[in-house]
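I opened my notebook to look up a few things in this structure. I started with contacts, then went on to the core, the sheet and the pocket.

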Amino acid sequence: MVEDPGDEVAIGILFDVLVAHERVGALLRVILQPLGLTPSEYAVTSLLITAGPRTHGAIGRRLGITRSTLSGLLASLERKDLIERRPVEDGRSALITMTATGRRLHRRAERAVARHWTERQDPKSIKETQRRLTWLIGRLEEAADQAC
């Protein structure tokens, strides 16, 4: 039983976010399937496009993906010739970079997402929603850090 009604609202928000996550995944699966990408692969390529080359660990931390899950994603993207690994000087890690093929496919994926979602939304609404989601993600990361 929830003691404070405010707690019930906060818990409801978590479930709403979970439902939104599932719906976004379903929408992206439909949009990206004809291009041969999964939503998770799209997330990795989007990060690499916007933030540039990253190490395995940096990608996992930013996207909240476990090391083993990310290893599978990177292997799949590598088999599709969308990314490549470039060893760094210390030889212990590699930078993950987009290939030319990966950049072309990502542009096609972005256009498909824009056609199905972005173009149907008010730009001001999108910016405000993104601002609020960024804030919420930060709070969720803090809560997860405190729970550990």
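**Entry 1: contacts of Val44.** I looked up what Val44 touches, leaving out residues up to four places away in sequence. I found Ile59, Leu63, Leu70, Leu73, Leu74 and Leu77. I note that this is a predicted model.

**Entry 2: the core.** Next I asked which residues of the largest nonpolar core touch the most other members. Val44 is one of them, along with Leu32, Leu37, Leu48, Ile59, Leu70 and Ile83. The core has 23 residues. I then checked where they come from. H1, H2, helix H4 (67-79), strand S3 (94-98) and H5 each supply at least two.

**Entry 3: helix H3.** In H3, I found Ile59 buried, and with it His56, Ala58 and Gly60. What covers these buried residues? I listed H2, strand S1 (54-55), H4 and S3 among the covering elements. Just after H3 comes Gly64, and I wrote down its positive phi of about 70 degrees.

**Entry 4: the sheet.** In what order do the three strands lie? I read S1-S3-S2, an open sheet with antiparallel pairing. S1 and S2 are the edge strands, and each pairs on one side only. In general, strands of a sheet pair through backbone hydrogen bonds.

I took the pairs in turn. S1 and S3 pair over two bridges. Here I saw Arg54 opposite Ile96 in S3. S2 (residues 83-87) and S3 pair over five bridges. Ile83, which I had listed in the core, stands opposite Met98 in S3. S2 and S3 form a hairpin, with six residues between them. In the turn I found Gly91, with a positive phi of about 75 degrees.

**Entry 5: the largest pocket.** How many residues line the largest pocket? I noted 39. Its volume is about 2,200 Å³. Val24, Leu28, Ala43, Leu133 and Ile137 lie nearest the centre.

I then looked up which elements give two or more residues to the lining. They are helix H1 (5-32), helix H2 (39-51), helix H3 (56-63), helix H5 (100-116) and helix H6 (123-147). H1 gives the largest share, 11 residues.

Last, I sorted the lining by class. I wrote down 19 nonpolar, 13 polar and seven charged residues.

Methods: Residues numbered from 1 in each chain as written. Predicted model: local features only at pLDDT ≥ 70, side-chain atom pairs only at ≥ 80, totals over all residues. Heavy atoms only, no water. 1 Å grid on protein atoms, 1.4 Å probe; cavity = no way out; pocket = protein on both sides within 12 Å on 5 of 7 lines; lining within 4 Å. Points joined across faces, edges and corners; volume = space filled by probe spheres on them. Helix = DSSP H or I, 4+ residues; strand = E, 2+ residues; numbered from the N terminus. Nonpolar A, V, L, I, M, F, W, Y, C, P; charged D, E, K, R; others polar. Core = buried A, V, L, I, M, F, W, Y, C linked by side-chain atoms within 4.5 Å. Buried < 20%, exposed > 50% of the residue type's maximum accessible area, 1.4 Å probe, protein only. Contact = heavy atoms within 4.5 Å. Pairing = 2+ DSSP bridges.
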